[in-house]
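Biologist: I am new to this model and would like a guided close look at one part of it. Please start with the overall setting and then take me inside.

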Amino acid sequence: MDKPARKRPFRPVYLLLLLPFVAALSVPFYNRVDPEIAGIPFFYWYQLLWIVLGAAILIPIYFWETRGSDRG
Amino acid sequence: MTMDPVAIAVFLTLFVFVTLLGFGAARWRRGDLNQLHEWGLGGRRFGTIVTWFLLGGDLYTAYTFIAVPALMFGVGAMGFFAVPYTILVYPIMFLVFPRLWSVAHAKGYVTAADFVRGRFGSHTLALAVAVTGIVATMPYIALQLVGMEVVIAALGIPMSIAVPGLGHIPDAPLLVAFVVLAAYTYSSGLRAPAMIAVVKDALLYITVLAAVIVIPAELGGYAKIFASIDPKALLLPPAQPGNLGPQSAYATLGFGSALALLLYPHSVTGLLSSSSRRAIKRNAVILPAYSFALGLIALLGFMAVAAGVKTLPQFGSGFAAFGNNFAVPALFLKMFPSWFVGIAFAAIAIGALVPAAIMSIACANLFTRNIYKEYISPDASLERECQVAKIVSLVVKLGALFFIIELPTQYAIQLQLLGGIWIIQTLPSVILGLYTRRLHPLALLIGWALGIGAGTWMAAQSSFKTSTYVLHIFGTAVPCYAALSSLALNIAIAAILSLVFNALSRTPQIDATLAEDYG
């Protein structure tokens, strides 16, 4: 069992990890054609965009976790 | 189909090149290949970049690159669920899997079942995790062969080749490819697919880049491509009163698949072979580059519709033999010059070799550690352990080959679909186990069994044609990926029974791991 002494306090920065879930699972929101970009319907470019945003969100968390230490 | 000498020459040249690379890999970052962690985990020495190539080649398989656009080609928007799926994999990888890496590193674990064995002190639960992993992976290996078969056929290479003295050998090209693969996996272990993955990925990115620039230009732009799609297939059908419809299937498929993916043995093997937790976290940030490529490849299915490949007479036999899986090869044959077809098809065929090698190594690790060493020969030496793993990796590949040659492809597809439902049932033991020891091993085992039973039953209701099952929640029909609903049952059972068993039990819990092992 995890020792209580090792329990780290919850960090709000981890809430960022929920964003991709909200974005990717709100299907009725993005299940539409307009607005199109360069002829690509919203449904498609929105989800492709979230691949990039999902990765981008991890970057600040990564740096927040690893700052001032060499373990990560 | 007609033979295309230029395409075949380019294809074969690249194939021979990666074969040499596979055998040469034994000497790369040299280690004692008679030790399981050296052969089966590459010595846990792969840094961020090598891990990126290895996991990219491992998680985004040749079959994915054939089947996802085939689904887009056949049914439209539903096939795009692969995108939310790959969006959700990485927050999970970032948060959870560094913990598994740390505890495996501290305790010398090679498989997820090793961890479960140590954490819960139950060899039965570990066996359940190991067997689930092996059974879920076998059809996945078989499907890699399908990807390879499609491109070999599309090149016009005859599947049945006459050999003097032996008569006609059916599926000869597949046989050759797999014997070669088996040989270098045996000799080089995980180093072989890691090295080959670098070449495969270079070819893949070149192909994708060319495809998304050249093909739309020739077809008159993206607007024209999307305009050629049936409006009903372009989006998911909206929810009806009392029925959420395909939208909830789409969301649950994406979420459930993301939860299942990293539990597969080949994912765990790839993750544990990295040199640090940091390498895993960095990979969660850079692996989405492959997701983006996959999203673009999915759109190739629509490009194939716009190019009208299905009605072209030269592709009739291909579609007859492989169905919609032939859409992307047909598109490439129509739009690319011969030499580039050779490159693109090599990317797909080599893309089948990398995951097939890693999957067979992962199965071999599981068998050796959690079945052979646990039940058959507990005092086997380290050398013996590694020897067994090498032999098992051969057996696993032969099994997959037999599967594809002897049985209808449909069986492999249905088993792979079930594999996702089965592997997700190890989530409570493996992922929840990383965070808490409060779950009781017997409760986890019962939850696992009921989850597998319920999930299989739900898939059986559609005669294994689809993995979604309609739940009725407060009078609303909710189509849901069976893996997700059966996992919910599994977790509920495991949690409730854990409360009961822990209250009744007076024996202290066994746990070989310490809080600091999790990093």
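What percentage of the contacts in chain B with a separation of 6 or more comes from residues 24 or more positions apart? After that, please show me the largest nonpolar core and what surrounds it.

Modeller: Happy to. This is a predicted model, in which local features need pLDDT of at least 70 and side-chain atom pairs count only at pLDDT 80 or more, while totals for chains, interfaces and linings use all residues. Residues are numbered from 1 along each chain as its sequence is written, and chains are lettered from A and ligands numbered from 1 in the order in which they are written.

To your question: the figure is 84%. Here two residues are in contact if their C-beta atoms, placed from the backbone, lie within 7 Å.

Chain B has 23 helices and 4 strands; helices (H or I, at least four residues) and strands (E, at least two) are DSSP runs, numbered from the N terminus. The C-alpha trace of chain B spans about 75 × 60 × 45 Å along its principal axes. A compact globule of 519 residues would have a radius of gyration near 24 Å, and the 23 Å of chain B agrees with that. That radius is taken over C-alpha atoms, and the globule rule is 2.2 Å times the number of residues to the power 0.38.

Of the 519 residues of chain B, 57% count as buried. A residue is buried if 20 or more other C-beta atoms lie within 10 Å of its own, exposed if 12 or fewer, and partly exposed in between.

Now for the core itself. A nonpolar core is a set of buried Ala, Val, Leu, Ile, Met, Phe, Trp, Tyr and Cys residues joined through C-beta atoms within 7 Å. The largest one holds 207 residues, and among the members that touch the most others are Met303(B), Leu331(B), Phe345(B) and Ile348(B). Helix H18 (residues 338-376) of chain B gives the most to this core, with 22 residues. In soluble globular proteins, nonpolar side chains tend to be buried together.

Let us follow some individual residues. Leaving out residues up to four places away in sequence, Ile348(B) touches Ala62(B), Phe65(B), Ile66(B), Gly147(B) and Val151(B). Leu300(B) sits in helix H15 (residues 288-307) of chain B. Leu300(B) counts as buried because 26 other C-beta atoms lie within 10 Å. Beyond its neighbours within four places in sequence, Leu300(B) is in contact with Pro69(B), Ala211(B), Val328(B) and Leu331(B).

H7(B) is mostly covered, with 26 of its 32 residues buried. Gly156(B), whose phi is positive, near 85°, follows H7(B).

Helix H6 (residues 112-120) of chain B is mostly covered too, with 9 of its 9 residues buried. Its buried residues, including Asp114(B), Arg117(B) and Arg119(B), pack against several helices of chain B, among them H5 (82-107), H7, H18 and H22 (441-460). Gly121(B), whose phi is positive, near 60°, follows H6(B).
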